[in-house]
Amino acid sequence: MPIEFKLPREIEKQLQAVKVVAENVMRPESRYFDEHEHERPVNFIHMMWPQMKEMERANLEASLRRDRRLRENGGGGVAVAEEQQTRQRLGNMTLVHMIEMLSWGDAGIYLCIPASALAGAAIQAVGTPEQKERFLRRFTEGEPKWGAMAMTEPQAGSDTSNIQTTATYDPETNEWVLNGQKIFCTSGKLAYEESDGLIVVWATVDKSAGRAGMKPFVVEAGTPGLTIVKEEKKLGIRASDTVSFVLEDCRIPGDNILGDPEVKKKTDKGFKGAMRTFDATRPIVAASAIGVGRAAFEFARDTLAKQGVRMEYNKPRWKLSSVQADLLEMEAQLRVAWLLTLKATALLDAGAENKLAASMAKVKAGKVVTWVTQKAVELLGPLGYSTATLAEKWMRDAKINDIYEGTGQINTLIVARTILGYTRRELK
Amino acid sequence: MYSFDMTPEQKMLVDTVHRYAEEVLRPAHRDAEELRHAPERAIEIGWELGLLPSSIPEEYGGFGHYSALDSALYLEELGWGDVGIALHLLTPNLFAQPVNLFGTREQKEKYLPLFCGEEFPKATATLIEPVFQFDPGELSTLATRDGNQYIITGKKSYVPLADRAELFLVYAREGGRTQAFIVPRETPGLTVGERIKVMGINALAMYEVELDQVKVPRANRLGGPKGIRINRILTVSRISAAALAVGQARAAYEYALNYAKERVAFGEPIAHRQSIAFMLANMAIDIEGARLQTWEAAYRFDNREDASRLAVLAKTFADKMVLEVTDGAVQVLGGHGYVREHPVELWYRNGRGFATWEGLVMA
């Protein structure tokens, strides 16, 4: 599609509704949930659930339709491409805009949104149609529920291939037995203990096989053998549920290994498939980051304007005050991060390769909002540092975005390897 | 929708200008810089591309309409080729585009056809002044109305090709605002001074111009009684400069990347080291970011929206980006980046300029 920078009307309308929630439900409760870590933002959860149910239903139906077409056509073809175009035309673009706005409201509260989230992304990426129905239908009905993904372990963060949690198949009972531990699992408690949700747990079926041995397993809420051992106390996004858990002979049905038999073999197809979900989730994290950055920038700009210090766009650089120059720089950098995110999202919706764009967006957004939120506190002085305003909270909330979903350094590495055409061996 | 694909026509435009940049500008650029001279042949071939006439309406002799986005696309290729020679090629635009934007019907009829012919037009503009704290919104050059004429006095610098120009568009402060006046060369009181020397872009011949009680008829005030809005002209200029900067940066980044993959140190190409690879990655990210920002400002301008704020943001970011990228390119080449064998030292000298060249390019 030709070069165009126009917010589609459908998205604009939806955004208005989201802004109302952000302003009237999230902002007023921001400070409370920051100071009452591990309490749940129930108002927000119940307000968003009807809409989330609907989105999950639409996604699931569309995905199953696509799978049916693929089966009928023997795989691929024009029909699928067309279907993808119509359904996905605005799918991720809408999501990215919504998440930016929700994060502008409150990034921690946003992360409590009841949805299949990363678990849903993994199931969509590698699950069979039967598994999609079995696992994702619950997110379209009933009470609010959460999906979570558990990858990270004490010794394995960026180095995902170093996970030690094992999955052993028991042929007598047709079950997988999981043993190990996970940390930093977002919404783990919400998914496993506080709702009828599920956790996608990454485990290895063969440690010696490295990545090829890593498979995703679905542990449904309440399954015995999973114990939540810690609820993290964090720098920011304190409203978000972040937990550690231990798996001790946790038995799940044999059919709870995600993917078709091909994937179950010792190939890294499953791993790669799930890694591809990061191409979809990185723009979303970038969008969330930018929402926080925009909140901080707008607040700094508007607060200073009330004190008579206004941005001036038409003055040459050398006539701007230091504060005006800072504000200009903040706005320009935020804008760049947002445009990179939009491009990564547009490529995703068009079904095109977006790994480079997604990583670029994530690097830039993480870096920019860390800086912008730091600057906002600085420019606001003592009141910026004080809990009298939300600026200090936004700086604490912002920092995670350069860390999770692939750190800025890992994503820079991905960009570097891509532009240089290098493998892991050539560029460590 | 947010979409980012060029139309087939735009792709063809970019390919054509890129070929010119690769086959004509690049081979000529080092001599042009050292000899401080843009080769006539390069300008002839560039003029034959018809870039300026394609942005002038048919009724005035052109064969197109103005599109800031199309301009941004081809400017990136010109900047990739050589900024100095490109600025020479684009000098007539400094006169033509403001007339295109703000001229009265008579002014457009009189002047625009001059830019649609086969000869490279001898026209330029004078905006920048040799003062600290230069502000295009608060010029030192003054124009006062005296009956049926304007009297202009002031000192200008950075005037491209002033030595041969027959027409000057002179920006002056009049009635408390920046206005523009068409001044033919032979007007008494206009003196073309010395050629100036600057850090980079030596292929571009620029001069000081002095105006001492220069009198021009009322009809020569651009835009007639309504005059001009300098911010709109600067918006076009800022988008153009940002696009040129993206091209210059891309040139430096590509050169550094290719060098880093070849240059062996400690037994491996230096591109295998994170310090180098990460520099290149961050260059790529910011170049793409600057490009998108420039495109957005251009798109909104073409869409008849107020693009002035976005143009300022785009230029602010691009100015910083092009310096960082060209600086990084010198750094990647190490000692070899410091000598005038490789182009990166020139690109670094060019790179610093963007933040100081308000109004020097318009396309």
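**Figure 1. A:Phe5 and its partner across the two chains.** In this predicted model, A:Phe5 stands opposite B:Tyr2, a residue of β1(B). The strand β1(A) and strand β1 (residues 2-3) of chain B run antiparallel and are joined by two bridges. Strands count as paired if DSSP finds at least two bridges between them. Helices (H or I, at least four residues) and strands (E, at least two) are DSSP runs, numbered from the N terminus. Residues are numbered from 1 along each chain as its sequence is written, chains are lettered from A and ligands numbered from 1 in the order in which they are written. Because the model is predicted, local features need pLDDT of at least 70 and side-chain atom pairs count only at pLDDT 80 or more, while totals for chains, interfaces and linings use all residues.

**Figure 2. The contact between chain A and chain B.** Chain A contributes 35 residues to this contact and chain B contributes 40 residues; two residues are in contact if their C-beta atoms, placed from the backbone, lie within 7 Å. On the side of chain A that touches chain B, at least two residues each come from β1 (4-5), α11 (322-349), α12 (355-385) and α14 (408-420) of chain A. The element that gives the most to this side is α11(A), with 11 residues. Sorted by class, the side of chain A that touches chain B holds 23 nonpolar, two polar and 10 charged residues. In this sorting, Ala, Val, Leu, Ile, Met, Phe, Trp, Tyr, Cys and Pro count as nonpolar, Asp, Glu, Lys and Arg as charged, and the others, Gly among them, as polar.

**Figure 3. Strand β6 of chain A and its neighbour β5.** Strand β6 (residues 214-220) of chain A is mostly covered, with six of its seven residues buried. A residue is buried if 20 or more other C-beta atoms lie within 10 Å of its own, exposed if 12 or fewer, and partly exposed in between, with C-beta atoms placed from the backbone. Strand β5 (residues 198-204) of chain A runs antiparallel to β6(A), and seven bridges join the two. One of the residue pairs is A:Val201 with its bridge partner A:Phe217 in β6(A).

**Figure 4. The two domains of chain A.** Chain A is assigned domain 1 (9-267) and domain 2 (271-420), with bounds that come from an automatic or database domain assignment. The centres of these domains of chain A, taken over C-alpha atoms, are separated by 25 Å. The contact involves 33 residues of domain 1 of chain A and 30 residues of domain 2 of chain A. On the domain 1 side, two or more residues are given by each of α1 (9-35), α3 (78-88), α4 (91-105), α5 (107-110), α6 (117-126) and β6 of chain A. The largest share of that side, 11 residues, belongs to α4(A). By class, the side of domain 1 of chain A that touches domain 2 of chain A has 19 nonpolar, nine polar and five charged residues.

**Figure 5. The surroundings of B:Glu345.** B:Glu345 lies in helix α10 (residues 344-353) of chain B. This residue is buried because 20 other C-beta atoms lie within 10 Å. Leaving aside residues up to four places away in sequence, B:Glu345 touches B:Val330, B:Gly337, B:Tyr338, B:Val339 and B:Arg340. From B:Glu345 to B:Leu87 the C-alpha to C-alpha distance is 19 Å, and the two are 258 residues apart in sequence.

**Figure 6. Domain 2 and domain 3 of chain B.** The assignment for chain B lists domain 1 (8-115), domain 2 (123-226) and domain 3 (230-356). Between domain 2 of chain B and domain 3 of chain B, the C-alpha centres lie 31 Å apart. Six residues from domain 2 of chain B and seven residues from domain 3 of chain B form the contact. The side of domain 2 of chain B that touches domain 3 of chain B consists of three nonpolar, three polar and no charged residues.

**Figure 7. The setting of the close-ups within each chain.** Chain A has 14 helices and eight strands, and 47% of its 428 residues count as buried. Chain B has 10 helices and 10 strands, and 56% of its 363 residues count as buried. Along its principal axes, the C-alpha trace of chain A spans about 75 × 50 × 45 Å. The C-alpha atoms of chain B fill a box of roughly 80 × 45 × 35 Å along the principal axes.
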